[in-house]
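The following exercises concern one protein chain. Study the sequence and the structure, then work through each task before reading its solution.

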Amino acid sequence: MKFTRRDFLKTSTAAALAGGVGLTAQPQVQAQTASQPTVKRWYKGNMHQHSQWSDGDPLPEWAVDWYKSRGYDFICPSDHNIFQAGDLRFNSSGTKPTMTAEMKAAFKGETSLWKPMQCETINNKLTQKVVDQARERFGADSVRIKKAGGLTFVRMKTFDELVEQFAEDGKFLLIPGFEQTGSCPDKRAVHMNFIGVRKTFKYIKKEDPVDTIRETLAAGRELYADSPFLFTANHPLWKFYDITPSALIANSDVRFFELCNNGIHRDYAARDDAWEPEHFWDAVNAFRALADVPLLLGMGSDDRHGYPDGPATKGWTVARAAKLDWPSLLEAFNAGDFYASNGLDFAEINFDGKTLSVKIDAKEEGDYRIEFKGTKKNFDRTRKTVAVAAEATKSADRLIETFSPEVGAVLETVEGTEGSYTLKPDDLYVRAKIVKLPRAEQQDWRTGPAAWTQPYRG
Ligand SMILES: [Zn+2]
Ligand SMILES: [Zn+2]
């Protein structure tokens, strides 16, 4: 969303009232006073997932239930280029049946998206098994089916119907949204989530991802002028270094990105001669801090398309809010009061304007480590362009910029579950990353459970 000067002051005032750090738009401090207690708690969510509304495997109710039954507090079913609205449709990502007038007549008076089940002429993952599974779980009449023109169509439940079926006050929240999906030239997949919105718009394809991102956000601000939303730059590593740090250094209005996308990034071993998402993050923030513009904040998501049995959740975002509703979550996100996870959780994150203190919510026995990472004011600004040859099946060759290891260096390490770091005069910012040992087996963020606070400035 556009974080205007007014919003900035509003958030800062709220932070100040809550005992926060005032005019820095920093993650606010959790503080309480006897006269005005601010009771906030952590809420766990996933704001990037897919169902049969686009190219996810299961029916939409299965996808929502999957997260609800695994203890999530909020989700955003963010399908590709479509919102789960009630207007009658037959096309979405993955299937394009040819509808004759006769076939269309069979759907007179119907609403929502109807997708044909897998058949020889249509590339579609929707199978009888998926339908049977949903009927078994939600009741024999829970899925509507209609035959027309020799095809068997299945009706997708709308967002409002999913809210009706699953939302519970204070317990489970569904947030509307979609993933703006498309590619720039050179096969660059530039995907962005709009979270908190119900309208979609045509993908804006520019020569360069920098312009694509800038114009997409501008178009969103115009379209959603009256309702605040979150805008995230998704999976920068996918398919092959498609969004570069430079794109988000140039677009300092973009406040959120997927630091950790477990649907996609986990399959990609970052190359030694390029960046990986954590280094991407620090590169952006080192240069943003120098320019004194808002820092980039990191989200964790599953970008889930397949929904296996068992726990299997790994990427999530946890926000600290007074209530489980969209305005409260939005406030938390805009204040940077959230963390990204790849399997671990924080019990506490506090920043008093100078010192960042964290405590790990150690659910399992084991050895934990806290790494305070950041970038010094005098860091090596060298940005080198390197040619990265495409790996088979991935994408095109790339010319990408790389950054010095002084960007996002480890400032201090604490062995244990509690630690703090006080900003030094030469620090641009500090953030904390927590990992579970043995560290030797965790060469980077993909190989072991971790969680990350947002970056904090003094
Ligand atoms: Zn995507
Ligand atoms: Zn996605």
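Two strands pair if DSSP finds at least two bridges between them. The model examined here is predicted.

**Exercise 1.** Determine which strands pair with β15, and in which sense.

Solution. 
Step 1. Strand β1 (residues 41-46) pairs with β15 in the antiparallel sense, over 5 bridges.

**Exercise 2.** Decide whether the residues of β15 are buried or exposed, and sort them by the way they point.

Solution. 
Step 1. In a regular strand, side chains alternate between the two faces of the sheet.
Step 2. In β15, Trp-316, Val-318 and Arg-320 point one way, whereas Thr-317, Ala-319 and Ala-321 point the other way.
Step 3. A residue counts as buried if 20 or more other C-beta atoms lie within 10 Å of its own. Since 6 of the 6 residues of β15 (residues 316-321) are buried, the strand is largely enclosed by the rest of the structure.

**Exercise 3.** Describe how helix α2 packs against helix α5.

Solution. 
Step 1. The axes of α2 (residues 60-68) and α5 (residues 159-166) are 10 Å apart, at an angle of about 40 degrees. The helices are therefore oblique to each other.
Step 2. Their crossing is right-handed.
Step 3. Pro-60, Glu-61, Val-64, Asp-65 and Lys-68 of α2 make the contact with Leu-162, Gln-165 and Phe-166 of α5. These residues comprise 4 nonpolar, 1 polar and 3 charged.

Notes: Residues numbered from 1 in each chain as written. Chains lettered and ligands numbered in written order. Predicted model: local features only at pLDDT ≥ 70, side-chain atom pairs only at ≥ 80, totals over all residues. Buried ≥ 20, exposed ≤ 12 C-beta atoms within 10 Å, placed from the backbone. Helix = DSSP H or I, 4+ residues; strand = E, 2+ residues; numbered from the N terminus. Axes fitted to C-alpha atoms, helices over the stretch in contact; angles between N-to-C directions. Parallel < 35°, antiparallel > 145°, perpendicular 65-115°, else oblique. Left-handed = near helix turned anticlockwise from the far one by under 90°. Contact = placed C-beta atoms within 7 Å. Nonpolar A, V, L, I, M, F, W, Y, C, P; charged D, E, K, R; others polar.
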